[in-house]
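Work through the exercises below with the coordinates open. Each task is followed by a solution in steps.

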Amino acid sequence: MNQALALEIMLSGESVLLTGAAGSGKTHLLNRFIQIARSEGRLVAVTATTGLAATHLNGNTIHSWSGIGIHNELPYRHAENLPQSRRDTIESTDVLVIDEISMLHDFRLDIVDQLLRSVRNSDEPFGGLQVIMCGDFFQLPPINRPGEREGGFVVHSQVWQQLNPVICYLDEQHRQDDGDFLDILEAIRSGNVRRGHVERLLEQRDAELGYGQDYTQLHTTNADVDAQNNTKLQSLDSESRIYSMSTTGKENYVDSLKRSCLAQEELELRKGALVMCIRNSQDKKFVNGSIGTVIGFEATTNYPMVELRSGRKIVIEPATWELMDGDKKRASLTQIPLRLAWAITVHKSQGMTLDAARIDLRRAFVEGMGYVALSRVRNLSALSLTGINAMALKVSSDALEIDASLRAKSNQDRLRFSHLQEKAQSRADKPAPTQQPKKSWADRVAIMRQTHPKAFTPWKPSDDEKLLKLFNSGAGMSEITSALQRQPGSIKARLKKSFGYNVEIPT
């Protein structure tokens, strides 16, 4: 099914599973649907099965949004005991989006369904909400931990059978541009990896990438990633620059957003550091997964200057992540949208497109891990293999059976909704609705500095001494902000981060 028809089906109000191979444009289409649906006045709750996936959409986890938390079964009278604010949010929602659906257990989807039926006082699946699920069952599956309730893919849930969602299986490819590589990836997806596929992959073992430059390494464990990044950074003979995260919102929401986000509370950079962009820029100068090298720091703002692999040189300004709960903003954080990129985990790479990567799959430990890792790059020339094991070439046998049924039903649904094709093409020919462009970060900082001249400038030891002296003398917030020429939020964050003081200061 093409994207245009899938979009029209979702906008018609049908509950849908949006699926397809890595690089088929699922996230792009999902974002467009959310934008159009909201412009038409629908209240869209954007969620995902993991915090990291949720931040890509400025959403929340399905566990948090629904209020099920980590429960494996719905506790007695759980719906009645939800806070009224949570009940109000659920009752007012029109559309529920759940991204990375492959990682949600079947029994947890049933729990969400039971809760929504109770809160919305409706016997319809999910209390009558339109539900848009998005994901690929060949990617990372639900995790079953020892001693906990085990489950499988959501297609085995009771509510899946009752909902009977329309299947929009996208068959276009927008990432890979290499026929041989696509053949290998499709062989993995179909469970039909042959000797020729393996031999072609092994030709990329320790392959040179771009004249010997450093490139991102994908590892299966956090320990390998942290060790690689720390060793590489400390080996650079250049001065460190530290960028501190600023936040808004209640502490519990802020903590949830921090855990979900790739941005770091304290980002240390040096000239020569290999970095990865972890957001799409609004001005389209870079995308999530773009790789580059820090070549210096802008004199006036101290922001890092990065030369991307394309040769383009840009200044990376701070970006803001938000934790949205329906139409309510619960928390936000602002940080330079970079992280060290000598190494990342396969898990955290899901959803990214990498310019090039060195991939170590010698310790792949779950089906689908190899497929996720390999499909991050566009072609074989962008891939260097450190090693690979048999598990890396496997996909779930359950996923294979599910995929066959999803493809068949998608073909049936494509014919069933063929009457929308003309409308779909008409919409595709029109530009997407535009939102009022936001001021650039530099413009926003300039406005802040009209009242707080030192807003978002590095803290010096003399600033900390003055802050501590004023705080211990009992000075109010207005006096402290005036003396230090900084915003109240920055003052509070500095007191907590540097001195451990988490207090409210009278104005």
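Predicted model: local features only at pLDDT ≥ 70, side-chain atom pairs only at ≥ 80, totals over all residues.

**Exercise 1.** Determine the strand order of the open sheet of four strands and say which strands stand at its edges.

Solution. 
- Step 1. The order is E18-E7-E19-E20, and the pairing is parallel.
- Step 2. E18 (343-345) and E20 (383-388) each have a single partner strand, so one side of each is left without a neighbour in the sheet. These two strands stand at the edges.
- Step 3. From one strand to the next, the twist averages 20°.

**Exercise 2.** Trace the pairing partners of E12 and state how many of its residues are buried.

Solution. 
- Step 1. E12 spans residues 291-297 and is mostly covered, with five of its seven residues buried.
- Step 2. E11 (residues 274-277) pairs with E12 in the antiparallel sense over three bridges. Here Met 276 has Ile 291 of E12 as its bridge partner.
- Step 3. E13 (residues 304-308) also pairs with E12 in the antiparallel sense, over five bridges. Phe 297 stands opposite Pro 304 of E13.
- Step 4. Six residues separate E12 and E13, which form a hairpin. In the turn, Asn 302 has a positive phi of about 70°.

**Exercise 3.** Classify Leu 374 as buried or exposed, and list what it touches beyond four places in sequence.

Solution. 
- Step 1. Leu 374 belongs to helix H13 (residues 369-374).
- Step 2. Its relative accessibility is 0%, so Leu 374 counts as buried, the cut-off being under 20%.
- Step 3. Leu 374 touches Phe 181, Leu 185, Ile 188, Leu 201, Ile 359, Leu 361, Leu 383 and Leu 385.
- Step 4. Ala 22 lies 352 residues away from Leu 374 along the chain, yet their C-alpha atoms are separated by 9.9 Å.

**Exercise 4.** Is Asp 464 buried or exposed, and which residues beyond four places in sequence are in contact with it?

Solution. 
- Step 1. Helix H17 (residues 461-472) contains Asp 464.
- Step 2. Asp 464 counts as buried because its relative accessibility is 15%.
- Step 3. The contacts of Asp 464 are Trp 459, Arg 494 and Phe 499.

Note on methods: Residues numbered from 1 in each chain as written. Heavy atoms only, no water. Pairing = 2+ DSSP bridges. Axes fitted to C-alpha atoms, helices over the stretch in contact; angles between N-to-C directions. Buried < 20%, exposed > 50% of the residue type's maximum accessible area, 1.4 Å probe, protein only. Contact = heavy atoms within 4.5 Å.
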